[in-house]
Amino acid sequence: MATNYIKKKRVPVHGVLLLDKQVGVSSNDALIKAKWLLSALKAGHTGTLDPFATGLLPLCFGEATKFAQDLLDADKTYETVVHLGITTNTGDTEGETLATAAVDVTREQIDAVLAQFRGDIMQVPPMYSALKRDGKPLYEYAREGITLEREARPVTIHLLEFVDYQAPFLTLRVSCSKGTYIRVLGEDIGAALGCGAHLNALRRIQVGDLFIDSAITIEQLAATEEAARAALLAPVDALLTSFPALYLSEELARRFLHGQRLALGKEDIVVPAEQGRVRVYRDVDKALLGTGLLQEFSILAPERLISTNQNMPS
């Protein structure tokens, strides 16, 4: 059911809201509500969570949206409860039951099966997904009773850890690469155990270097005085902590923001030893300027630049 929001004056808001999404809420609905509560002009999320799933959903506002792709590409960590013995058409609790089977598996069998799914594996995307075929999401075909052939895709399971088993519920912790479907992983584990399975619960606890411990619920955001809500956002560079930091003088900062490549070899600044992406700051006030590519011979090429007035050199 759609929520009616009173029209509010929108203002520039920059930063990252670490949202603890609750069950039954779509990622897009959570984004719309958070954007309204913050009166923000611009917002975007960094990859969705299914409505039945809970946990960390980083929401980007203003200049932070320029760096949302970094979290889309980041590794994710989940805690999940796999319900053995029942398969559903969606692979989770929201679907219709397709089959049931007796569950008679041992811890030794579980350990042996989990070992098969660690590392680089191939995974077939589910029909109930937002992947598109001929411009139409797969879940729309699925709702029409149509099943399409899908090619298996490579994903990496960095960690697949046994947490608990109280038959028929198997609790796991999973750390994986982008594009991994935990619903499919649960189904595949159930199939390998010979009894089938679906996900009973799914909670995301980490995205890149961001953790659920720092997240707040939409209810906590709403309960905060409106003037104080923006202070709950993490700074834009919370998305960039995996990249080395580089600090520029005011003159170099001005040139960097104008899109100029900089030769840093003869400058009196500390240049990271490794080539690659860096987060760039103005040294005098530690203001984030954006990201750059550090190239051979200490050449710094601007990549994505911050354009908020407060970070522009005078």
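## Ground rules

Helices (H or I, at least four residues) and strands (E, at least two) here are DSSP runs, numbered from the N terminus. The model is predicted, with local features needing pLDDT of at least 70 and side-chain atom pairs counting only at pLDDT 80 or more, while totals for chains, interfaces and linings use all residues. Residues are numbered from 1 along each chain as its sequence is written, and side-chain values use heavy atoms, leaving out hydrogens and water.

An unreviewed UniProt entry labels residues 35-182 "Pseudouridine synthase II N-terminal"; its annotations may be inferred rather than shown by experiment. That span is 17% helix and 39% strand, with its end C-alpha atoms 28 Å apart.

## Cores

A nonpolar core is a set of buried (under 20% relative accessible area, 1.4 Å probe, protein chains only) Ala, Val, Leu, Ile, Met, Phe, Trp, Tyr and Cys residues joined through side-chain atoms within 4.5 Å. The largest has 45 residues, and L17, F61, L160 and I189 touch the most other members. Helix 1 (residues 27-37) gives the most to this core, five residues.

Beyond four places in sequence, L160 has contacts (heavy atoms within 4.5 Å) that include L114, F117, L185 and I189.

## Helix 5

Helix 5 (residues 182-193) should span 16 Å at 1.5 Å a residue, and its end C-alpha atoms agree at 16 Å. Its buried residues include R183, L185 and I189. Among the elements covering the buried residues of helix 5 are strand 10 (153-166) and strand 12 (197-207).

Notes: Buried means under 20% relative accessible area, exposed over 50%, partly exposed in between (1.4 Å probe, protein chains only). The expected span of a helix is 1.5 Å times one less than its number of residues.
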